[in-house]
Amino acid sequence: MGTATLRTTEGVEYVIPCHDDTTLLMAAEEAGHLLVAGCRHGMCGMCRARLASGRMRLGAHAPTALSDADEADCGTLLCCGFPDGDVTIELPYDSARVRQGTIPLRRATVTSIERLPGDIVRLRVRVMPDEAQGTGLVFEAGQYAELTPPDSSSSRAFSFASASSAQGEAEFLIKVGSQGFFGDYLTGRADVGDVVALRGPQGDFTLHESGRPRWMVCGGSGLAPMLAMLRQMAERGDTTEALLVLGVSTPDEVFATDELAQLQAALPTLRVIVPVWRPDASWTGPVGSAAEVLDAELATLAPDAERPDLYLCGPDGFLDAARAAANAHGVPAGQVYVDGWAAPAPGPHH
């Protein structure tokens with residue numbers, strides 16, 4: 001056991017106890033300090049910080065989240081970093097971004113289970129009234145929650161596909177083909193009326209108010225956080241220019257067409273492209289992967305044109321290709337926001 005000192009950019013320090021088998025992110029949460037984080041499993045890089053003193057062991061992570069050069073320059077990831085004794089960590093933000101408290105744990109009733117194309121299940125729940133939280137469910141679009149089935153002690157995290165609700169309602173889009181125990185629950189035992197545990201909201205993959213166009217690029221159930229963001233924009237009357245690219249593998253995996261049509265009607269500045277990677281003779285729409293469409297769209301921008309903010313959600317291969325396209329067309333790294341996943345892992349699995 002050791003001690004971790006977390007230091008913000010203006011010098012505020014949080015001193016927390018930590019164990020060899022607990023990540024710094026979890027140790028901070030156990031001490032009541034909620035740090036900036038996204039995927040929570042080494043994919044997005046949002047929890048990147050600097051090791052000022054001491055030693056850390058890093059678990060598996062994507063090189064795009066923390067490169068070998070970054071690590072050699074004392075960079076670390078709090079979500080998969082394990083302290084080896086006492087450490088001092090420099091956070092790349094001020095204390096205003098460190099929330100205090102604990103992540104709420106609520107009980108929620110399953111209100112709807114709907115099978116969609118592409119092995120996706122639309123799960124709707126309603127949280128039960130709570131003395132501290134009331135009847136509503138408040139979160140920022142793009143965040144996620146950990147869900148625990150009624151017959152299990154294990155949880156899996158999924159992004160909200162809906163915006164905050166005064167009635168406590170929430171929607172999730174979950175791909176069941178690769179979700180293990182949670183997919184088995186949804187397709188085999190789940191029923192309306194079940195009570196699940198919902199721990200959240202969590203994560204910092206949220207909208208940024210930069211005034212720049214927002215381009216959201218995803219595949220399949222990675223639509224969930226993008227759908228939440230667009231719904232939030234519609235609720236707020238946000239007129240920021242937006243592009244959504246939703247990639248699927250085959251024509252029979254196209255889904256959410258009604259929801260996207262409704263959003264286009266509510267958001268006149270929104271453009272939607274749904275490309276198919278492996279089309280058949282019946283498909284007359286855009287062809288290619290979501291990353292290929294992103295590359296083509298960025299190529300249409302003039303060299304001196306403002307680059308959009310990019311919101312990316314998907315697995316490793318997609319993220320690598322999308323980041324490469326962004327870099328090739330001059331999108332600053334600070335304008336690329338990522339919600340990644342890799343199974344099995346504790347972070348968001350759409």
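Predicted model: local features only at pLDDT ≥ 70, side-chain atom pairs only at ≥ 80, totals over all residues.
Strand 10, which spans residues 105-116, has two pairing partners described here, strand 15 and strand 11. With strand 15 (residues 195-202), strand 10 pairs in the antiparallel sense over five bridges, and within this pairing Leu105 has Arg199 of strand 15 as its bridge partner. With strand 11 (residues 120-127), the pairing of strand 10 is likewise antiparallel and extends over eight bridges; here Leu116 is bridged to Ile120 of strand 11. The hairpin formed by strand 10 and strand 11 has three residues between the strands, and in this hairpin Gly118 adopts a positive phi near 75°.

Helix 3, comprising residues 181-189, has Phe182, Gly183, Tyr185 and Leu186 as its buried residues. These residues lie on the same side of helix 3, because the arc that they cover around the axis is only 160°. The packing partners of the buried residues of helix 3 are strand 10, strand 11, strand 12 (144-148), strand 13, strand 14 and strand 15.

A polar atom of the Ser165 side chain is placed 3.0 Å from the backbone nitrogen of Glu169. When neighbours within four places in sequence are left aside, the contacts of Ser165 are with Gly136 and Leu137.

The largest nonpolar core contains 33 residues, of which Leu173, Met216, Leu223, Met226, Leu230 and Leu244 touch the most other members. At least two residues of this core are supplied by each of strand 16 (214-219), helix 4 (223-236), strand 17 (242-247), helix 5 (257-266) and strand 19 (309-314), and helix 4 provides the largest share, eight residues. For Met216, again leaving aside neighbours within four places in sequence, contacts are found with Leu207, Met226, Met229, Leu230, Met233, Leu243, Leu244, Val245 and Tyr311. Apart from this core there is a second, separate one of 29 residues, whose members include Leu6, Ala49, Met56 and Val87. In soluble globular proteins, nonpolar side chains tend to be buried together.

Conventions:
Residues numbered from 1 in each chain as written. Heavy atoms only, no water. Polar contact = N/O pair within 3.5 Å; in protein donor to acceptor, adjacent residues only side chain to side chain. Contact = heavy atoms within 4.5 Å. Pairing = 2+ DSSP bridges. Helix = DSSP H or I, 4+ residues; strand = E, 2+ residues; numbered from the N terminus. Buried < 20%, exposed > 50% of the residue type's maximum accessible area, 1.4 Å probe, protein only. Arc of directions from axis to C-beta. Core = buried A, V, L, I, M, F, W, Y, C linked by side-chain atoms within 4.5 Å.
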